[in-house]
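Have the viewer open while you read.

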Amino acid sequence: MKTKLADYKGIWVFAEQEEGCLAEISLELLSAAKALAEKRNGAEVCAVLLGYKVEELSNQLLAFGADRVFLADHASLEKYLTLPYTRVVGQLILERKPEILLLPATSLGSDLAPRLAARVKTGLSAHCTQLDINESGELRQVVPAFGGKVMATILCQNHRPQMATVRPGVFRRRKPQEIAGTIENIPVEIKSEDFAQKVIETHWEKRPVQSIEEAEVVVAGGAGIGNRQDWVWVERLAEVLRGAVGGTRPPLDEGWIAEEQMIGQSGKTIRPKLYVGVGLSGVIQHIVGIQDAKVIIAINHDPKAAIFQSADLGAVADFRKIVPLLVEALKKK
Amino acid sequence: MNIVVCVKPAPDPKRWDTIQLDSITKALQRQGIPSVLGPLDKRALEEGLCLKEKYGGKVAVMAMAPPSAKDNLMEALAMGADEGYLLSDPIFGGSDTWATSLVLSRAIKKLERYDLIFGGSYSLDGSTGHVGAQLAEFLAIPNVSQVAAVENLEGGRVRTRCHKEFGYRILETNLPALLTVTREVNTPRFTSLLGVMEAEGKPLVTWTAVDLGIKAEEVGFKGSPTQTSDVFLPEMKRRSEIITGEPEEIVKEIVQKIRQAIG
């Protein structure tokens, strides 16, 4: 049976929430969906919200761009689990036939999206950095491959919905509007085989004061910092600039930064006003995460470091000599 | 305990700087770059081997890849896997993650028994991270993503610690289940000379589309729901101003640039 493409309408966003808190990415995806809807004859933008006692989040979704919220509020959806969530969203897709479905490339969304795409038999692209509608009305999905060395445009021509995931920080949320739209409760019918898994415990680590995606200034370090003692210079420079600290893969492996602070293809995409890279060579996997920064400054002792080609200003020098002086100079104002 | 480990041989990242686009066909030129197992492939295998050592059973390693990936499967056998399965057929070429998962699922169904399937959270090259969950869906078994530790395995259930933003979750999942692992899960063992010698005597089977009962329209470019419409190398260069010299001079220029940037 061939999918009748014309039957599929509307642009949907999976709205991620945890413990009654809407994830920022949900609003970013609504902003992307709104932009696509304008190019798709003002298609309806819908948010799909699952959880337990989360109805009040619907208003936020309506304020940030949703025309309709599909709300599945049920005790068995309180904590995210792959199978119950796939069941509910999968069923809704089959019944209501969206043309496009955007999901967050978070740990939750990256688990749900592929399972869902396999369930409803459609295509899925991962970690889109650009989304657009082409002349044929199809969703153009630009994705990185080979660590960002290569970019590819993905289409899903014969199946619907066209599904894509987007990492946090790629799009910006819109300004909230006056609430106009509908909240529609959807039935929750979960089957016994969906309870093959349960959450025993959830553990939270301390969140950084300022998340790296939202920071206006980011100071990042790499393997060239060498040891934990010298890493404090990255932190001090960030502190004096009231910025966030980030890093490449080696500082994560060394334990100098947390997973949430890693910038690049398998980490965060940032777009601060100012990025300062210290002691990092600038491998492509990192550069793809910083290329949207307004100003890039790099400090590295190796004049051949690749980071200099992607920087606005590059200082060829030992950071141990430069950064302490720089911190002092910036303190003076 | 019957364990299947799915791996994804991919072009060696050390050689990615030689990847070029054919100026006429716009096709990706990656010939001559040898394929390797990624760090997550090796961790997935290590986890399978550790569980086998603890609970007995066997570990099968499996990849959908061109014939040259035999070398990668030999490496996995040398690390300690008991048998290898290479799913290889020209009609598999161009498969997206959906079609790849379909092929893997047919091969796993052909195995007599499986309790646990392991894979990396994402591959080296495409890095979509889709195949684990899609394969589990085709096998109609639960999947667990971003496994940072396998904590317990008893009573037909596996307890895992799973990474999430700002923390982790402990999940318990009924077997059979598919687990995709992160870098934290373990440190993979090195291959010993003895392991390399033993690998020669282990079964390494190639299954084609016919062996798996797969038709051409189910896989490859035809069977994949997604199409790659174009490929390009992004331009990320900026007009770099490079400064050298005395630290004081350098600092002065950096301060000026910072003030311009953030006012």
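## Domains and chain A

In chain A, seven residues of domain 1 are in contact with nine residues of domain 2. On the side of domain 1 of chain A that touches domain 2 of chain A, you'll find two nonpolar, three polar and two charged residues. Keep in mind that this is a predicted model. The domain assignment puts domain 1 of chain A at 5-195 and domain 2 of chain A at 217-332. Taken over C-alpha atoms, the centres of these two domains of chain A are 33 Å apart.

Now for chain A as a whole. Chain A has eight helices and 18 strands. Its radius of gyration is 22 Å, close to the 20 Å that the globule rule gives for 333 residues, so chain A is as compact as a globular protein of that length. Along the principal axes, the C-alpha atoms of chain A fill a box of roughly 65 × 45 × 40 Å. As for burial, 57% of the 333 residues of chain A count as buried. Take the contacts in chain A between residues at least 6 apart in sequence: 64% of them join residues at least 24 apart.

## Where the chains meet

B:Ile242 has 12 other C-beta atoms within 10 Å and so is exposed. Not counting residues up to four places away in sequence, B:Ile242 touches A:Phe308, A:Gly314 and A:Val316.

B:Asp96 is another one to click on, in the loop between E7 and H3 of chain B. Is B:Asp96 buried or exposed? B:Asp96 counts as buried, because it has 26 C-beta neighbours inside 10 Å. Leaving aside neighbours within four places in sequence, B:Asp96 is in contact with A:Gly123, B:Ser224, B:Pro225 and B:Thr226. Between B:Asp96 and B:Val181 there are 85 residues in sequence and 21 Å in space, C-alpha to C-alpha.

## Sheets built from both chains

One open sheet has four strands in the order E8(A)-E9(A)-E10(A)-E14(B), with antiparallel pairing. At its edges are strand E8 (130-133) of chain A and E14 of chain B, each of which pairs on one side only. From one strand to the next, the twist averages 25 degrees.

An open sheet of 10 strands runs E13(A)-E11(B)-E10(B)-E9(B)-E12(B)-E8(B)-E1(B)-E6(B)-E7(B)-E13(B), with mixed pairing. Strand E13 (197-204) of chain A and strand E13 (204-207) of chain B stand at the edges with a single partner strand each, so one side of each is left without a neighbour in the sheet. Here the twist averages 30 degrees from one strand to the next.

Helix H3 (residues 97-110) of chain B packs on this sheet, touching strands E1 (2-6), E6 (58-64), E7 (83-87), E8 (116-120) and E13 of chain B. The direction of H3(B) makes about 145 degrees with that of E6(B). Helix H4 (residues 131-139) of chain B lies across E8, E9 and strand E12 (177-181) of chain B, at about 65 degrees to E9(B).

| Strand | Partner strand | Bridges |
|---|---|---|
| E9(B), residues 143-154 | E10(B), residues 157-164 | six bridges |
| E10(A), residues 150-155 | E14(B) | five bridges |
| E8(A) | E9(A), residues 139-145 | four bridges |

The bridge partner of B:Ala149 in E10(B) is B:Arg161. Within chain A, A:Asp132 has A:Arg140 in E9(A) as its bridge partner.

Methods
Residues numbered from 1 in each chain as written. Chains lettered and ligands numbered in written order. Predicted model: local features only at pLDDT ≥ 70, side-chain atom pairs only at ≥ 80, totals over all residues. Pairing = 2+ DSSP bridges. Helix = DSSP H or I, 4+ residues; strand = E, 2+ residues; numbered from the N terminus. Axes fitted to C-alpha atoms, helices over the stretch in contact; angles between N-to-C directions. Contact = placed C-beta atoms within 7 Å. Rg over C-alpha atoms; globule rule 2.2 N^0.38 Å. Buried ≥ 20, exposed ≤ 12 C-beta atoms within 10 Å, placed from the backbone. Domains from an automatic or database assignment. Nonpolar A, V, L, I, M, F, W, Y, C, P; charged D, E, K, R; others polar.
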